[in-house]
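Good morning, and thank you for coming. I would like to take you through one protein chain, step by step.

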Amino acid sequence: MEFMDLTSIGTMAAISIAAGVFGGILAGLLGVGGGIVIVPALYIALTQIALINADLAMQIAVATSLLTIVFTSLSSGMGHYKRGAIDFELLKLWAPSIILGVIIGSLLGSIVSGYILIGIFACVAAIVAGDMIFRKAPAKVEPRGFSRPVWAGLGVLAGTISSMMGIGGGTVCVPLLSFLGYDIRKAVGTSAAIGFVIGLPSAVIYGFSGQTQEGLPPFSLGYINLLAAAIIIPLSTSFARLGVRIAHSIPRETLRLVFGMFLAITSLRMFADLIGS
């Protein structure tokens with residue numbers, strides 16, 4: 001592939017800046033790692049500016065997003081930790097099975113068609129958006145749970161889907177924990193920490209598995225685009241702190257609605273791109 005010209009690089013940098021700012025705010029606000037913004041933004045940038053086909057562009061967007069989530073989740077997680085919003089017992093229970101799912105999902109995501117990743121992203125985002133927007137919250141928050149085997153199965157599922165979507169786990173984990181009666185702020189804080197568990201092994205696998213891939217844009221390490229990551233990471237980690245402050249200053253139901261609306265918009269956009277491709 002030919003190198004992008006300076007104008008294209010500048011435009012992609014501008015999109016990466018916007019993705020870093022909004023992705024960071026959403027990471028702290030919703031515990032999603034920012035991938036729900038970063039993946040579509042990079043996908044659009046790569047297909048429209050770098051003129052990479054949608055199949056490969058989605059793999060690059062997912063892999064790059066996962067690398068940024070490693071750092072964003074650390075920043076967001078620390079903010080929620082200081083406010084006592086991380087359930088470490090749940091984290092210890094869930095982390096091993098999530099990591100197994102991450103390994104499975106990252107290996108699949110690096111070899112299957114990028115169109116499959118687009119479809120998964122759009123479908124999961126639509127389902128979760130509907131749940132968060134239309135399901136009524138219980139009058140009283142009373143956390144409940146599953147048996148260990150069920151938690152393990154859900155962890156594998158969450159890790160697999162998250163690593164194939166390029167997200168930090170909040171898209172799957174926040175609605176599930178909310179359904180189980182966890183306070184939405186506790187769900188968001190714990191999911192922010194889970195983002196690190198998902199992002200680190202996923203980024204390593206995508207980085208190695210894409211080494212022999214042809215047609216990658218400049219500044220790539222496997223499927224990871226280092227130019228976009230270098231721009232997004234400092235912005236997303238900084239603005240994640242702002243998102244944390246917002247999350248702890250607005251009503252729980254408002255937080256649920258914001259989460260659902262962003263997912264709905266993202267899902268519609270990805271479905272449109274899938275049909276167009």
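Which residues form a nonpolar patch on the surface? They are Leu74, Phe196, Leu200, Val204 and Phe208, and together they have about 460 Å² of accessible area. Before I say more about them, please note that this is a predicted model.

Helix 8, which covers residues 184-209, gives the most to the nonpolar patch, with four residues. Leu200 is found in helix 8, and Leu200 is partly exposed, with a relative accessible area of 39%. Val204 is also found in helix 8. Its relative accessibility is 43%, so Val204 counts as partly exposed.

Let me now step back to the whole chain. The protein chain has ten helices and two strands. Along the sequence, the pattern is α-α-α-α-α-α-α-α-β-β-α-α. The radius of gyration is 17 Å, close to the 19 Å that the globule rule gives for 277 residues, so the chain is as compact as a globular protein of that length. Taken along the principal axes, the box filled by the C-alpha atoms is roughly 60 × 35 × 35 Å.

Of the 277 residues in the protein chain, 57% are buried. The accessible surface comes to about 11,400 Å², and 70% of that surface belongs to carbon and sulfur atoms. As for contacts, consider those between residues at least 6 apart in sequence: 83% of them join residues at least 24 apart.

Why can helix 7 be called largely enclosed by the rest of the structure? The reason is that nine of its ten residues are buried. Among these buried residues are Gly170, Cys173, Pro175 and Ser178. Just after helix 7, Gly181 takes a positive phi of about 95 degrees.

A word on confidence belongs here. Over the protein chain the mean pLDDT is 81, and 91% of the residues reach 70 or more. Among the elements, helix 7 has the lowest mean pLDDT, at 76, whereas strand 2, residues 224-225, has the highest, at 92. Where pLDDT is low, the predicted coordinates should not be read in detail.

Now to helix 4, which covers residues 88-109. How many salt bridges does the count come to? The count comes to one. In this salt bridge Lys92 pairs with Glu89, and their closest N and O atoms are 3.3 Å apart. Both residues lie in helix 4, three residues apart, which is about one turn of the helix. An α-helix has 3.6 residues a turn, so residues three or four places apart point the same way. Are the two partners buried or exposed? Lys92 counts as exposed because its relative accessibility is 57%, and Glu89 counts as exposed at 57% as well.

Ser97 is placed in helix 4 too, but Ser97 is buried, with a relative accessible area of 9%. Setting aside residues up to four places away in sequence, Ser97 touches Trp151, Ala152, Gly155 and Val156.

Two more residues complete the tour. Ala41 lies in helix 2, residues 35-48. Because its relative accessibility is 15%, under the 20% limit, Ala41 counts as buried. Apart from residues up to four places away in sequence, Ala41 touches Ile15 and Ala19. Ala41 and Ile15 are 26 residues apart in sequence, and 6.7 Å apart from C-alpha to C-alpha.

Finally, where is Ile250 placed? Ile250 is in the loop between helix 9 (226-247) and helix 10 (252-276). Beyond its neighbours within four places in sequence, Ile250 is in contact with Leu29, Arg185 and Leu255. Of these, Leu29 is 221 residues away from Ile250 along the chain, while the two C-alpha atoms are separated by 10.0 Å.

Thank you for your attention.

Notes:
Residues numbered from 1 in each chain as written. Predicted model: local features only at pLDDT ≥ 70, side-chain atom pairs only at ≥ 80, totals over all residues. Heavy atoms only, no water. Buried < 20%, exposed > 50% of the residue type's maximum accessible area, 1.4 Å probe, protein only. Contact = heavy atoms within 4.5 Å. Patch = residues over 30% accessible without salt bridge, like charges linked within 9 Å, V, L, I, M, F, W, Y side chains within 5 Å. Areas by Shrake-Rupley, 256 points an atom, 1.4 Å probe, with all protein chains shown as cover. Salt bridge = Lys/Arg side-chain N within 4 Å of Asp/Glu carboxyl O. pLDDT = per-residue confidence, 0-100. Rg over C-alpha atoms; globule rule 2.2 N^0.38 Å.
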